[in-house]
Amino acid sequence: MKIAFLSGKGGTGKTLCAVNLASVSLKSVYVDCDIEEPNGHLFFKPLQVKSENVEVFIPNIDKSLCDGCRKCVDFCRFNALGFVQNHVVIFPNICHSCGGCALVCPKHAIADVSKIIGTIEDGIAQEIRVISGFLELGQESGVPIIKKIMNKIMLIQDFVLIDCPPGSSCATVESIQSADFCVLVAEPTIFGAHNLEMVHELVKTLQKLCGVILNKTNGFYDPSEEYCHKHKIPIMGKISYDEMLGEINSEALIAVRENIKYQKMFEEILNNIIEEVRHETTIDS
Amino acid sequence: MKQLLILSGKGGTGKTTIAGAFIKLSSCKSYADCDVDAPNLHLIMKQNSIAEAQDFYGMNKYEIDELKCLGCGICKTLCKFDAIHKNGKTYQIDPFSCEGCAVCEYFCPIGIISPKQHVSGELLLYRSEALFSTAKIKAGGGNSGLLVTEVKKRLRQDNIVDFEIIDGSPGIGCPVIASMSGADLILLVTEPSLSGISDMNRIAITAKKFHVPTIVCINKTTPMSKNVNIILAYCAENSIPMVGTIPYDETVNSSINQGLSIVDTDCQAGNAVRKVYDKVRQFINLT
């Protein structure tokens, strides 16, 4: 079973939930797809880490073969190639690695060279497998890293928890493609509710089952909870604002290992999620 | 004109709350929300006019005429984005994965693949006492960097102002890098957590690569926050000026939920943010 944690807004508690729920599961795999700012590894401190590079291919022009026909420059939809003083110039940061320029070159003057855009680390922390993607600093898009992580976890049968990037655009879509269920983590502000709505639109578009965890609740008016009631989204759990939990989390400690009270709370949320997935999948089949 | 960009790396550290406060304190005449994935600034910057809305077209998405497709599969073989899938005897393009490179169209032997314009977001421009440019990406939309560039371009339409505030997005990738273009100073809003510090480090290095001067403030500090000292040491070591701390304050959420900025109410965080603002102004004048 694969569960994705997403939120739209940043800082609502995706990592808190994914890390702690992974820690109360018997055998689990924690996957950090927030490749721009991955933090799960700070909590797990995995050992026996194997690291692999993620590469994309960008064009390289053999000037001795190029006759300046400009077919590649005209073809490139991303304007990653320019023609300056009778030479083709490549802007590697804009290149999407579609390979089109090499395919259209009549002189076969374009070859691929690899460029490293990030790494994937795969390690173990107390029986939990921890896989994290890291975008190289200064690189624009980490989608190829997420795609590679997704290929890696495709055949895993264990319980997989996917910590997604904030937002509701392409990187989030890649991260939740293989998820059986999406947990939307929300906070009790109009900011949280507005971004919950955006991410709810996304999971509906992709026809994913979902539930909500209301985090940092304080007993006052919660616009995110109101949104859930209005749209009949099941609530998997509520985590009330708690200074001690905040302090544990800010030290990158795993709350369920620090205090039995949090262990019970996250076990209950985990059960609710598993129940909800079972219930929904039985209705579907 | 001086442009201040507010970033954080980690989400939820308080970029929008601080941007809203600074806009009020400076009576800023031109500001933008570049967090196109999760725009929220409009929720606390109430406008008394209706926004001029405009569709944002991202890259084209390609479509196969399935009635004519002979099922040769050349397009699928050449697509680097795994966007093309077999559906029975013919092929289909998944619009979420298609990046609009046109390779499939160029190589389809019977010419039945064509581009379709694709709305991937909405641009909004408010003109009241100030110019406010914002946007919202469509669910699952791509090209967020291009959309950010458009949001900033719309501020350039007609006004000449001396100070501009840009609320940025979390992360270090395309929308963040796009928002750095034209910025004179970046204020990094961090929080005293190890996650916040790790993320601040990644965005600080990214900002340095793009040669934009950076300053830091720490939000949501509590008397228990041990990590404040780590941040101070980090800033000293990397010669990044520190412009102040803002305490965790429960009343912040209630101001936000009333659609107010924290300087509209008398609260601890609001008072601290005023001091931070004064410091930031000194730095922006130096750039």
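Analyst: We may begin with a loop of chain A. A:Lys232 is found in the loop between helix 8 and strand 11 (235–240) of chain A. The model is a predicted one, and phi of A:Lys232 in it is near 50 degrees, a positive value in a residue other than glycine.

User: What makes the phi of A:Glu127 worth noting?

Analyst: Most residues other than glycine have a negative phi. For A:Glu127, phi is near 70 degrees, a positive value although the residue is not glycine. A:Glu127 lies in the loop between strand 6 (110–125) and strand 7 (128–135) of chain A.

User: Why is helix 1 of chain A described as mostly covered?

Analyst: A residue is buried if 20 or more other C-beta atoms lie within 10 Å of its own. In helix 1 (residues 14–24) of chain A, 11 of its 11 residues are buried, so by this definition the helix is mostly covered. Among them are A:Lys14, A:Leu16, A:Cys17, A:Asn20 and A:Val24. In chain A as a whole, buried residues make up 51% of the 285 residues.

User: How do you know that helix 7 and helix 8 of chain A are in contact, and at what angle do they cross?

Analyst: Two packed helices are described by the angle between their axes and the distance between the axes. The axes of helix 7 (residues 190–205) and helix 8 (residues 223–230) of chain A come within 7 Å and cross at roughly 35 degrees. On helix 7 of chain A, the contact is made by A:Ile190, A:Gly192, A:Ala193, A:Leu196 and A:Glu197, and on helix 8 of chain A by A:Pro223, A:Ser224 and A:Tyr227. Classed by type, this contact of helix 7 with helix 8 of chain A has five nonpolar, two polar and one charged residues.

User: What makes strand 5 and strand 6 of chain B a hairpin?

Analyst: The two strands have two residues between them, and B:Gly88 in the turn has a positive phi of about 70 degrees. Strands pair if at least two bridges are found between them. B:Ile84 stands opposite B:Ile93 in strand 6 of chain B. Strand 6 (residues 90–93) of chain B has B:Tyr91 and B:Ile93 on a covered face, and B:Thr90 and B:Gln92 on an uncovered one.

User: Why are strand 3 and strand 13 of chain B called edge strands?

Analyst: Nine strands of chain B form an open sheet with mixed pairing, in the order 3-8-9-2-10-1-11-12-13. Strand 3 (52–57) and strand 13 (242–247) of chain B each pair on one side only, and are the edge strands. Neighbouring strands of this sheet are turned by 20 degrees against each other on average, direction ignored.

User: How do you know that strand 2 and strand 9 of chain B are paired?

Analyst: The cut-off is at least two bridges. Three bridges join strand 2 (residues 30–33) of chain B to strand 9 (residues 131–137) of chain B, which run parallel, so the two strands count as paired. In strand 9 of chain B, B:Phe132 is the bridge partner of B:Tyr31. Helix 5 of chain B lies across strand 2, strand 3, strand 8 (119–127), strand 9 and strand 10 (163–167) of chain B, at about 165 degrees to strand 9.

User: What makes up the side of chain B that touches chain A?

Analyst: In this interface, 49 residues of chain B are in contact with 49 residues of chain A. Helix 7 of chain B gives the most to that side of chain B, with eight residues. By class, the side has 20 nonpolar, 22 polar and seven charged residues.

Technical notes:
Residues numbered from 1 in each chain as written. Chains lettered and ligands numbered in written order. Predicted model: local features only at pLDDT ≥ 70, side-chain atom pairs only at ≥ 80, totals over all residues. Axes fitted to C-alpha atoms, helices over the stretch in contact; angles between N-to-C directions. Helix = DSSP H or I, 4+ residues; strand = E, 2+ residues; numbered from the N terminus. Contact = placed C-beta atoms within 7 Å. Nonpolar A, V, L, I, M, F, W, Y, C, P; charged D, E, K, R; others polar. Buried ≥ 20, exposed ≤ 12 C-beta atoms within 10 Å, placed from the backbone.
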